[in-house]
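Welcome, and thanks for taking a look at this model.

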Amino acid sequence: MAKVTHHDNGSISVNRTDAFVEAIDNRSAFDLPNFGEFIREIEEGIREEHEGVTRGALNNSRGEWYETLIALAANEFARTEGTEFALVRLPNVNIFSCENLYQAEIATLISDLRATLREEADVSLISSNPDFVVVSAALLDLPDISDVDSSVLDKVNSLYASLEGAARFDEIIGYCSVKSGLRPDRRLQIAHEGSLMKALYRHIQTRLWAIDAPGIRYFGIAGACGEADREALKTVATHSIVDVLGKPESAVDELFQVNTPEELRVTLKQILAPKNLGKN
C-alpha cells in the first residue's frame with residue numbers, strides 16, 4: 001500500500017486510508033492502548049519513509065484517522081452489545097445532507113423551511129452535517145469488521161447511505177461532533193451546530209404537533225479537552241431562550257474526552273442510551 005502520493009508539481013499528499021489500514025493491522029480499535037499514540041505512530045511512519053510530507057498534510061489527516069477509529073469502534077460496539085441505537089458517521093453536507101436521513105414527510109418540512117426563509121426573509125439556512133448521528137440500529141445492517149481493509153472502511157463510512165429516507169422522527173435521538181483536538185474556532189463550530197440541530201428538531205416537532213417529543217441530544221467527543229472547552233460548550237441553544245414556556249438548554253449536552261478504549265466504551269454507553277432523552 002502506498003501511504004503517500006507524489007504529484008507532478010512536487011507536492012506530496014497522504015493516502016489516509018492506506019496509511020490507516022497498514023497501521024491498524026487488523027486490530028480492533030478497542031485493542032489499541034491509546035488513540036493519540038496510534039495516530040502519532042502513523043505520522044512518524046510516514047515521515048520516516050517520506051521526508052517531504054509537510055506538517056500541514058499530516059495535521060489534516062489526524063482528524064480523519066481519529067474519526068475513523070471512532071466509527072470502527074462504534075460499529076463494533078453496536079454489533080457486540082446489541083444496542084438499540086448506533087453511532088453512524090456522516091459525510092460532508094455537499095455529499096449528503098443529514099435532513100435526508102428522515103422519511104420524506106419530515107425532510108420536506110426542513111426543505112420548506114429553507115425555501116420560506118429564502119423567499120420571505122431573504123436569509124439562508126446554511127448548515128453543516130454533524131460528524132455522527134445516533135440512530136435506531138434496527139435501520140442498519142452493521143458490517144463485520146474483523147478484518148480491517150479499505151473495503152471495510154468503505155462499508156462503515158457509507159452506512160449513512162442506507163438510511164436515506166428511512167428514519168422516523170423518534171428514530172434519531174442525537175448527533176455527535178468528533179474532533180481529535182479542540183481549538184476556539186472548533187468549539188464555536190460545535191456549539192453552533194448543536195444549537196442549529198436542536199432548533200431544527202423543535203421546528204419539526206411543532207410542524208408534526210409532536211407534543212411529547214423528548215428532544216434531541218448533541219454531544220462532543222475530543223481526543224483532548226479541558227475545563228475551558230467544557231465551559232465554552234455550555235453556551236445556550238439559541239432557540240431555547242425565546243420561549244418563556246420552555247427551559248433554556250445547552251447547545252452541547254456533554255463533551256467527552258476519548259483517548260483510550262475504556263474511555264470510548266464509557267462514552268458510547270452514555271451516548272447510545274435512550275435514557276439520555278427527556279432531559280431537555
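**Strands and helices in brief**

In this predicted model, β3 pairs with strand β4 (residues 132–136) in the antiparallel sense, over five bridges. That pairing belongs to an open sheet of five strands. Elsewhere in the briefing you will meet helices α1 and α2, which pack at an angle of about 115°.

**The sheet**

- Reading across the sheet, the strand order is β3-β4-β5-β6-β7, and the pairing is mixed.
- The edges are taken by β3 (85–89) and β7 (254–257). Each has a single partner strand, so one side of each is left without a neighbour in the sheet.
- From one strand to the next, the twist averages 25°.
- As background, strands of a sheet pair through backbone hydrogen bonds, either parallel or antiparallel.

**The helix pair**

- Two packed helices are described by the angle between their axes and the distance between the axes.
- Here, helix α1 covers residues 16–24 and helix α2 covers residues 35–49, with their axes 10 Å apart.
- The crossing of α1 and α2 is right-handed.
- On the α1 side, the contact is made by Ala19, Phe20, Ala23 and Ile24, which meet Phe38, Ile42 and Ile46 of α2.
- Sorted by type, the residues of this α1 and α2 contact are seven nonpolar, no polar and no charged.

Definitions and conventions:
Residues are numbered from 1 along each chain as its sequence is written. This is a predicted model: local features need pLDDT of at least 70, side-chain atom pairs count only at pLDDT 80 or more; totals for chains, interfaces and linings use all residues. Side-chain values use heavy atoms; hydrogens and water are left out. Two strands pair if DSSP finds at least two bridges between them. Helices (H or I, at least four residues) and strands (E, at least two) are DSSP runs, numbered from the N terminus. Axes are lines fitted to C-alpha atoms, for helices over the stretch in contact, and angles run from 0 to 180 degrees between N-to-C directions. A crossing is left-handed if the near helix is turned anticlockwise from the far one by less than a right angle, and right-handed if clockwise. Contact means heavy atoms within 4.5 Å. Ala, Val, Leu, Ile, Met, Phe, Trp, Tyr, Cys and Pro count as nonpolar, Asp, Glu, Lys and Arg as charged, and the others, Gly among them, as polar.
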